[in-house]
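Thanks for coming. I will talk about salt bridges today, so please bring up the structure.

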Amino acid sequence: MAMYGEDLAHQLQKTHATNPKNQICSILAMWVMDPHERDAVVARDAIEQGDTMHKALIEIYIGRKSSQLLLTQQAYNAKFKSHLDQDISITEPPTPYQRILVALATSHKSHHADISQHVAKCDAKRLFEAGEGSIGAIDESIVLEILTKRSIPQLKLTLSCYKHIYGHDYVKSLKKETSGEFEDSLRAAMKCMYTPSKYYAKVLYTCIKGTMTDKSSLARVMVSRAEIDMDEIQSVFHGKYGLKLEDAICESIPKGDYRDFLLALATKV
């Protein structure tokens with residue numbers, strides 16, 4: 001079955017390559033792949049497209065357990081004869097997203113299963129002192145050090161402690177007049193980590209209702225979150241934008257198999 005799924009995905013990708021307007025083949029190819037195979041393909045596309053697809057890589061490195069990421073790295077190596085972490089680190093020109101991704105990749109190798117409330121409180125204070133508690137731009141070195149040394153669950157606890165200690169989300173502290181590219185990149189990463197349903201709801205809204213429909217990101221998010229937290233994303237989407245996700249899809253995507261499949265993913269029909 002796995003081999004059949006792989007062959008089917010390959011055929012669907014070939015069909016899409018010969019007719020790029022055939023979006024249903026592209027999204028079906030993503031759907032039939034194993035999650036780690038899909039992540040490997042998404043990561044490769046993101047690296048080849050450069051900074052325009054950085055969020056796809058952030059979603060993979062933040063949203064996957066270390067064991068899942070290892071399977072993705074193995075699939076990437078088998079399919080593309082290259083190492084995912086290495087390809088990210090040598091991307092030119094260097095960008096803030098790249099520095100954050102390299103730190104997150106290192107954090108997955110730390111293998112710290114236990115999380116510590118004490119460490120989280122200390123890291124929260126260090127983040128405050130490196131950011132809104134100081135004058136001027138954020139101290140990137142401290143932020144990257146924390147991202148490098150802590151596991152994703154530990155980082156989530158740190159963000160929770162930050163809100164408890166300072167009364168607001170860490171993300172809010174990154175919205176300063178002095179904010180630059182690093183702060184903007186970090187804000188997106190922290191949103192994905194701490195409030196994923198809000199993050200994905202905004203990505204979907206931007207994809208669907210933006211000036212130019214981003215079909216690759218729309219398909220990626222709909223497929224990857226369909227069996228994880230789509231109900232929660234739907235609720236946040238409706239609450240924030242006053243519009244049901246399926247209604248937004250119907251308003252902005254032309255009739256056809258592609259729209260029907262998006263609606264099936266949204267409503268789990």
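Glutamate 251 is exposed, at a relative accessible area of 53%. Exposed here means over 50% relative accessible area, buried means under 20%, and partly exposed is in between, with a 1.4 Å probe and protein chains only. The model is predicted, so local features need pLDDT of at least 70 and side-chain atom pairs count only at pLDDT 80 or more, while totals for chains, interfaces and linings use all residues. Residues are numbered from 1 along each chain as its sequence is written, and side-chain values use heavy atoms, with hydrogens and water left out.

Glutamate 251 forms a salt bridge with lysine 209, at 3.0 Å from N to O. A salt bridge is a side-chain nitrogen of Lys or Arg within 4 Å of a carboxyl oxygen of Asp or Glu. The two partners sit 42 residues apart, lysine 209 in helix α13 (residues 196-209) and glutamate 251 in helix α16 (residues 245-252). Helices are DSSP runs of H or I, at least four residues, numbered from the N terminus. Lysine 209 is partly exposed, at 33%.

Next, a buried pair. Arginine 220 and glutamate 59 are both buried, and their side chains meet in a salt bridge at 2.9 Å, N to O. This one links helix α14 (residues 215-225) to helix α4 (residues 54-63), across 161 residues.

Last, aspartate 87 and arginine 44 meet at 3.4 Å, N to O. Aspartate 87 lies in helix α6 (residues 84-89) and arginine 44 in helix α3 (residues 35-49), 43 residues apart. Aspartate 87 is buried, at 13% relative accessible area. Salt bridges link Arg44, Glu48 and Asp87 in a network.

How many salt bridges does the count come to? The count is 12.

Notes: Helix = DSSP H or I, 4+ residues; strand = E, 2+ residues; numbered from the N terminus.
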